[in-house]
Amino acid sequence: MKPNTLFKVLALVASFPFAAGCALGAEEEPAPGQQSLGAPSDAEGIWLSTKYSFGLCAGECITTVSRDGAELSLTACTRDQGCPRSNLAMLTDEGARTLDEIEDALSGAALDDRYGCPDCADGGATSVRLRRDGLETSHLYEYAEAPALLQALDRLVADLRLGLDSCTSGPLLKPSAGCTPK
């Protein structure tokens, strides 16, 4: 185990009660039944947000990348100092096409609520919020360990996050004026 593991596990227990059994060494509960959603949603976009969280860390421990139509936002927060930084960007045509293709593949996919033991071994957690068939769902997994059905979305959002974090225009997004790089 890494140094400070106990402190991170305690922070995890406080902030993610569902992971307490896993973090404390209890047997892992079986994942809830898979969610199978039918036809593609009529709503604009399936992917709503992705949140990255790391136990006790210095600085920006919680980062969320969200979407509202073609507008993207990044909010970077600390554990106890609020959210000192947020950036906005617009998806480019290529970014929108790429996201549409990924969302098409996710529209009827059966996804579990939780995969593995997120942030149990100081590795971080990723939570993805989706809206399909009018139902919002959240899917939690270990950071950088996306389940197969979410891997393409995970990679895309990681690229979007990098552009938003560095305020760098690229093929997927164009940051708004006033962007504050990390």
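In the predicted model, Thr-126 is a buried residue, its relative accessible area being 0%. This threonine is placed in strand β5, which covers residues 125-132. When neighbours within four places in sequence are left aside, Thr-126 is in contact with Thr-50, Lys-51 and Tyr-52, with the run of residues His-139, Leu-140, Tyr-141, Glu-142, Tyr-143 and Ala-144, and with Asp-154. Because buried means under 20% relative accessible area, the value of 0% places Thr-126 in that class.

The setting of this residue may be described through the chain as a whole. The protein chain contains 4 helices and 7 strands. Read from the N terminus, these elements follow the order α-α-β-β-β-β-α-β-β-α-β. The chain has 182 residues, of which 43% count as buried. Among contacts with a separation of 6 or more, 58% are between residues 24 or more positions apart. The accessible surface of the chain amounts to about 9,400 Å², and carbon and sulfur atoms hold 54% of this area.

Although Phe-54 and Ala-125 are 71 residues apart in sequence, their C-alpha atoms are 6.5 Å apart in space. Beyond its neighbours within four places in sequence, Phe-54 is in contact with Cys-61, Arg-79, Asp-119, Gly-123, Gly-124 and Tyr-143. Tyr-143 is also among the residues in contact with Thr-126.

Two residues call for comment on their backbone angles. Most residues other than glycine have a negative phi. Asp-119, one of the contacts of Phe-54, has a phi near 60°, a positive value in a residue other than glycine. Asp-119 is located in the loop between α3 and β5 and is buried, with a relative accessible area of 5%. A positive phi, near 65°, is also found at Ala-144, again a residue other than glycine. Ala-144 is situated in the loop between β6 (135-142) and α4. In contrast to the buried Asp-119, Ala-144 counts as exposed, at 52% relative accessibility. Ala-144 is one of the residues in contact with Thr-126.

The model contains 4 salt bridges. In one of them, the side chains of Arg-85 and Glu-60 meet with an N to O distance of 2.8 Å. Arg-85 is in strand β4 (residues 85-91), whereas Glu-60 is in the loop between β1 (47-53) and β2 (62-68), and the pair therefore ties together parts that are 25 residues apart in sequence. Arg-85 also forms a salt bridge with Asp-165, for which the closest N and O atoms are 2.6 Å apart. Since Asp-165 is in helix α4 (residues 151-166) and Arg-85 in strand β4, this pair joins parts that are 80 residues apart in sequence. Glu-60, Arg-85 and Asp-165 are thus linked in a network of salt bridges.

Glu-60, by contrast, is partly exposed, at 23% relative accessibility. A further salt bridge joins Glu-136 and Arg-129, with the closest N and O atoms 3.5 Å apart. Both partners are partly exposed, Glu-136 having a relative accessible area of 45% and Arg-129 one of 34%.

Terms used
Residues numbered from 1 in each chain as written. Predicted model: local features only at pLDDT ≥ 70, side-chain atom pairs only at ≥ 80, totals over all residues. Heavy atoms only, no water. Helix = DSSP H or I, 4+ residues; strand = E, 2+ residues; numbered from the N terminus. Buried < 20%, exposed > 50% of the residue type's maximum accessible area, 1.4 Å probe, protein only. Contact = heavy atoms within 4.5 Å. Areas by Shrake-Rupley, 256 points an atom, 1.4 Å probe, with all protein chains shown as cover.
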